[in-house]
Amino acid sequence: MTFSSRIPVRASLSAAALLVAAPALAQADPARAPVQALDDGLLAIMKGGSGLGAAGRASKIGPVVDQTFDVGLITRLSVGPDWVKVAPADQAALVAGMRRLTVAQYAANFSSYSGQSFTIDPKVEARGADKLVRTSLTTPKNDSVAIGYRLRQSGGKWRIVDVYYRNAISQLATRRADFESIFAKGGAKALISHLDALAAKSGR
């Protein structure tokens, strides 16, 4: 009698544990992981600040960019339909230039730390086959900047393909508009030079 009376109690405890764990599992969307990795990387270079220097911050954030961004796809989408006109060697040079620019801009824009923090919205939105992860960067003065990330799955991994400043301004759309006129005037070579110039300017 004593033994049988314990079975329902144990069963109910196990069921309760599963119910508690279920919401946490539901929130663990894999598309959040690259954004979390980027946020952690940015905080690391901010805390390194002037001690790391621009080159040190770039060296530290570079591998994080490689891990979290689909730089090849971003480059192709930024160039647009003209991509098919570009020779393979120039395509590779454009991707390398886009990576240098992305790394240099992060190293320049996240150069010091004064208590800032990132918050990731637990709700991940579906955008067709893509996903949108919203974050906010908050300063000690409680100023907050909204930053959204669009991610696409490639090779079984979610990677960032666009960044939305204040959840409205698409970095991809801005670059596409910028690149279109440059490519029209000077082709891939001019665009490679443009990317290198922007990266060098950011790294000063």
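A residue counts as buried under 20% relative accessible area, as exposed over 50%, and as partly exposed in between (1.4 Å probe, protein chains only). The model is predicted: local features need pLDDT of at least 70, side-chain atom pairs count only at pLDDT 80 or more, and totals for chains, interfaces and linings use all residues. Residues are numbered from 1 along each chain as its sequence is written, and side-chain values use heavy atoms, with hydrogens and water left out.

**Salt bridges**

- The structure holds nine salt bridges, each defined as a side-chain nitrogen of Lys or Arg within 4 Å of a carboxyl oxygen of Asp or Glu.
- Arg134 and Glu125 form one of them (2.8 Å, N to O); Arg134 is partly exposed at 22% relative accessibility.
- A network of salt bridges links Glu125, Arg127 and Arg134.
- Asp130 and Arg150 also form a salt bridge, with their closest N and O atoms 2.9 Å apart.
- Asp130 lies in strand S3 (residues 130–138) and Arg150 in strand S4, so this pair ties together parts that are 20 residues apart in sequence.
- Asp130 is buried at 4% relative accessibility, whereas Arg150 is partly exposed at 22%.

- Strands are DSSP runs (E, at least two residues), numbered from the N terminus, and two strands pair if DSSP finds at least two bridges between them.
- Seven of the nine residues of S5 (residues 157–165) are buried, so the strand is largely enclosed by the rest of the structure.
- S4 (residues 144–154) pairs with S5 in the antiparallel sense over eight bridges, and Arg159 in S5 is the bridge partner of Arg152.
- Two residues separate S4 and S5 in their hairpin, where Gly155 in the turn has a positive phi of about 60 degrees.

Notes
Helices (H or I, at least four residues) and strands (E, at least two) are DSSP runs, numbered from the N terminus.
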